Amino acid sequence: MRFKTSVRNINTFTKLTASLSSLGKVAWVRLDDDNVRFTIIPESGTQVWASLSIDSIFEDYTIQSAIENNTINLELPLPPLHRALKSAFNASSASIRLTKKDGVPVLSLTIITNTISGGNNANGFLNSANDDPFEETFREEHLDAGGRDREAVVTQDIPVRVLTPESVEGIHEPRVREPDAHVLLPSLIQLKAVSDRFTKLAMATGNGATKSGAAVPKLELRANMHGSLKLSISTDALNIESVWTGLENPELDPGQVENAVEEHPSSKLRAEGPDAWSTVRIDGRDWGKVLSVGRLGGRVIACFVNEHALILYVYLANYDESGEESVLTYYISSFSL
Amino acid sequence: MPILSFSLNPESLGRLHDALVCLGKFSESVSIEAAHDKLILYALNSSKSAYACFTLIGNRFFTKYQYSPQRRPKEKFNCKIYNKALLSVFKGRSFDPEKETAVERCDVVVEDGEGKTKSRFIIKIICRHGVLKTYRLTFESIPSMHAVFSKESANNKWSTSSKTLREFIEYFGPGTEQLDIYAEGGRVSFTSYTEKVMSGNEILKQPLHTTIAIDIQEFADFSAEEKLHLVISVKDFKSIITHAGLTNTMVKAMYSRPSNPLQLSYSDEGLLSEFILMTIGDARGSSAPKAGRASSKIISKQPLEARSSSKRTASVAEMGPPSAVAPSLSRKVSKPSPPPPQPSIQSNALFFPEADDDRRWDPVDHEDEDDGEMLLWDAGVNHASSGQRLQRLELQSQSVNSNSGMNVQAARSNEYEEVPTQRLEPIEQVAPTQRLSEIRGIFDD
């Protein structure tokens, strides 16, 4: 079993782990010849199934295992991975390999980074150190004034568990019926700001029991097939609503739907006119975590399954045109009234 | 007539605050020693494995510095103050002269009276627009006690820029306990790790194991034995480097062998910083044979104490001859070990100079918003590691002359007044004499 790769895009990978780790601490990572998958299934809250083309984050990718398609399944803690990647922020290069240290499997991230050069060190210290008891120990400075590159090799070992194929066999992506409405979401930072504000207001005006977390009012999210999205929250004391209009309802690809496009629930909702809505109720705090995916800057299509679930497809910009698409899929259950 | 008075300009006040913050990471009280030409602030952690000391040079750090010993001219004044009380005086003060509430000057007067005058540490902060804030703190008289470091036997030395080390500590993730400094083949590595062994699912909770390897060429100066694992507490190292990294200076390390102390020192414009950290005996298969280590330990104890007076001149400059050299390692061996260390709290601040402020994407934490105002405080009990215990540092205390330092009024604890010198050595045995509530009361009077 071998896995070794260079990280092509440290920044994207860091943002990806930041977004994922807000939803769960542990990810199931499946690496194979074709793509890289991250799956987060928290005990409660939103599931994420992310499938990335190898080229979008890695290059010089080598994988080898006895399993079909050279698949390696890992259980990977996200906070240490994120922390490790953050330390590669200024790196000139970074690579990852699967290895063993003291009998424990680790993903070893090796970062080559340039430390602060000594060039600007000369001024400012020990100008007149005559009464300095440490005098003799400090006099010996001779930093290079040239400030050449000072290279440091940083190795961050992230503990992992290598999973058997049998243990992950039973994990399946949720199956949801055809959505009633689909809409291209507006700017996520805008949506996040409004959602966070609404949740905060509702908590502040709630009946005091909100701090414990159980009785937080739910955000109501509604979409029609005529380019509108409504976000609202209501408590005993207030009722607020934000409406976006002029959004795009992407056309269905006839090849992707089981029956005729006209038979699709969304076509029916469209026919019912702009006053026909599909509704989901979601937890504001969980939604805030989901929206943190906005930092990756992808296009987001929200699919509404009325009173049942909200599915977000986040399409990331590809490294090159030809490659496979990178998509993050979020499954958010709707709360009943 | 005050025993000690000094004035600080806003810049020095800021630096004094930085030093106190650093000392606060080692102990909850700060010891102060005044001599005619300098003021020394120091702290020893509760497991006695780390000692931090800042020397403020009288005529360079202060705008005015006056020490008037009460009895003999060479006599020093020693006291101990609850660090949180001092920090709360300086905390949040704006040292920026542009601000409306900026501090213009800080005057400190220490009165140690007998009978008439109260013994108080009086801090006056003079702000703009004629605002004057006066704080009167109580203090406790203590014997002087400094950790001993033998420069003669410390044949391993290196020094490097504080900014480089500051950058290094950012790589260390939370949860690790030890830092291993190791040189081999022209490269030096800093490894932050934990000794806790986890199994099963727990393995994923193992903290990041971080190694930073750099070429010896990157050091300004490196003359140390190779293949020597020098292991210290990563938390102590972070506390020190966080302070050192505030200024652009040279951090110098000196040490002899594992299980013996390591000294880190640096200086900046009238402020000398010195730290003595106990290193852990090498459990990773050292180059030193076991027998050799054992014997070196024994050797290290006796000569250190025997030669204390000569060392005093080296490490604790110009202190008078001790009338008693109090604590020894052997006496404390039977004490129960301190509780296992807790993972230190990590700040991600400064980590990540981002153009587009990635943090705005983080989910909003709706629950704990009120905690931001708290002074962060380390209890200072968690310095020894679970697996290997750090030995204590060698200490050197100067007993207090029967009348001088032990001012009855200064000490809040009655019990403390009667304690003979020998019982003073382990600092943690003395009950805290000042509580925050008491100090607030004092502000009012």
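Predicted model: local features only at pLDDT ≥ 70, side-chain atom pairs only at ≥ 80, totals over all residues.

Start by selecting A:Leu188, A:Leu191, A:Lys192, A:Ser195, A:Phe198, A:Thr199, A:Ala202 and A:Met203: these are the buried residues of helix H6 in chain A. They sit on the same side of H6(A), because they cover an arc of only 135° around the axis.

Now select the whole of H6(A), residues 188-205. Its 18 residues reach 25 Å from first C-alpha to last, close to the expected 26 Å.

What covers those buried residues?

Four strands of chain A line up as E14-E13-E12-E15, an open arrangement with antiparallel pairing. Look at E14 and E15 (278-283) of chain A: each has a single partner strand, so one side of each is left without a neighbour in the sheet. On average, neighbouring strands here are turned by 20° against each other, direction ignored.

Zoom in on E12(A) and E13(A), which are joined by four bridges. Pick A:Glu220 and you'll find A:Ser232 of E13(A) opposite. Bring H6(A) back: this helix packs on the sheet, touching E12, E13 and E14 of chain A, and its direction makes about 15° with that of E13(A).

Last stop: H8(A). This helix lies across E12 and E15 of chain A, at about 95° to E15(A).

Note on methods
Residues numbered from 1 in each chain as written. Chains lettered and ligands numbered in written order. Helix = DSSP H or I, 4+ residues; strand = E, 2+ residues; numbered from the N terminus. Expected span 1.5 Å × (residues − 1). Buried ≥ 20, exposed ≤ 12 C-beta atoms within 10 Å, placed from the backbone. Arc of directions from axis to C-beta. Pairing = 2+ DSSP bridges. Axes fitted to C-alpha atoms, helices over the stretch in contact; angles between N-to-C directions. Contact = placed C-beta atoms within 7 Å.
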